[in-house]
Amino acid sequence: MEDDLLQKTIGEAARTARERLGLTQAQVAQKAGMSAQVYGRIERGGMMPSVPALRRLAAALGVSPAVLLDMSPREVPATDKDLSPETRKAVGLLRTWPESKVAVGCGLLRVLDAAPMRDE
């Protein structure tokens, strides 16, 4: 991905995450330890954040840096090699979900966990 496109991608993802949280640019900037002007430039796609700034920004927005980089779950390396392929797929999908959807998913998993299963 070219730098200009990557800058715009990061900015759009940051704006989407910020708006989802109902925060102002100044609030996100403060949480990320940067000036509101710098954050505004990043969000408008006019500035590429450094790696440490990207990490702080992701933490401030409550998302993975992969979300800001618009990386699909398949592009994000698995951190736990002991997981089955099915479990890794499920974890990758969960990482892309908003908190409200994760809560519903957890409820469904509890129901499935409590249900008797036929051995096949």
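Is arginine 18 buried or exposed? At 11% relative accessibility, arginine 18 counts as buried, where buried means under 20% relative accessible area, exposed over 50% and partly exposed in between (1.4 Å probe, protein chains only).

1. Some ground rules before the details. This is a predicted model, in which local features need pLDDT of at least 70 and side-chain atom pairs count only at pLDDT 80 or more, while totals for chains, interfaces and linings use all residues. Residues are numbered from 1 along each chain as its sequence is written, and side-chain values use heavy atoms, with hydrogens and water left out.

2. Let me start with the charged residues. The structure holds 2 salt bridges, a salt bridge being a side-chain nitrogen of Lys or Arg within 4 Å of a carboxyl oxygen of Asp or Glu. Side chains of opposite charge can pair when their charged atoms come close. Arg15, Arg18 and Glu43 are linked in a network of such bridges.

3. Helices here are DSSP runs (H or I, at least four residues), numbered from the N terminus.

4. The side chains of arginine 15 and glutamate 43 also meet in a salt bridge, at 3.4 Å from N to O. Arginine 15 lies in helix 1 and glutamate 43 in helix 3, so the pair ties together parts that are 28 residues apart in sequence. Arginine 15 counts as partly exposed, at 28% relative accessibility.

5. Now for glutamate 43 itself. Helix 3 covers residues 36-43 and includes glutamate 43, which is buried with a relative accessible area of 2%. The side chain of glutamate 43 makes a polar contact with the side chain of tyrosine 39 at 2.5 Å. A polar contact is a pair of N or O atoms within 3.5 Å; within protein, one must be able to donate a hydrogen and the other to accept it, and residues adjacent in sequence count only if both atoms are side-chain atoms. Not counting residues up to four places away in sequence, glutamate 43 touches Gly11, Glu12, Ala14, Arg15, Arg18 and Gln25, with contact meaning heavy atoms within 4.5 Å.

6. Leaving aside neighbours within four places in sequence, the contacts of tyrosine 39 include Ala14, Arg15, Arg18, Val28 and Leu57. The C-alpha atoms of tyrosine 39 and alanine 14 are separated by 9.4 Å, and the two residues are 25 apart along the chain.

7. What does leucine 61 touch, not counting residues up to four places away in sequence? The list is Ala14, Ala17, Arg18, Leu21, Val28 and Leu68. Leucine 61 belongs to helix 4 (residues 51-61) and counts as buried at 3% relative accessibility. Between leucine 61 and alanine 29 there are 9.8 Å, C-alpha to C-alpha, for a pair 32 residues apart in sequence.

8. Finally, glutamine 7. Its place is in helix 1 (residues 3-21), and glutamine 7 counts as buried at 14% relative accessibility. Beyond residues up to four places away in sequence, glutamine 7 touches Ile42, Gly45, Gly46, Met47 and Met48.

Terms used. Helices (H or I, at least four residues) and strands (E, at least two) are DSSP runs, numbered from the N terminus.
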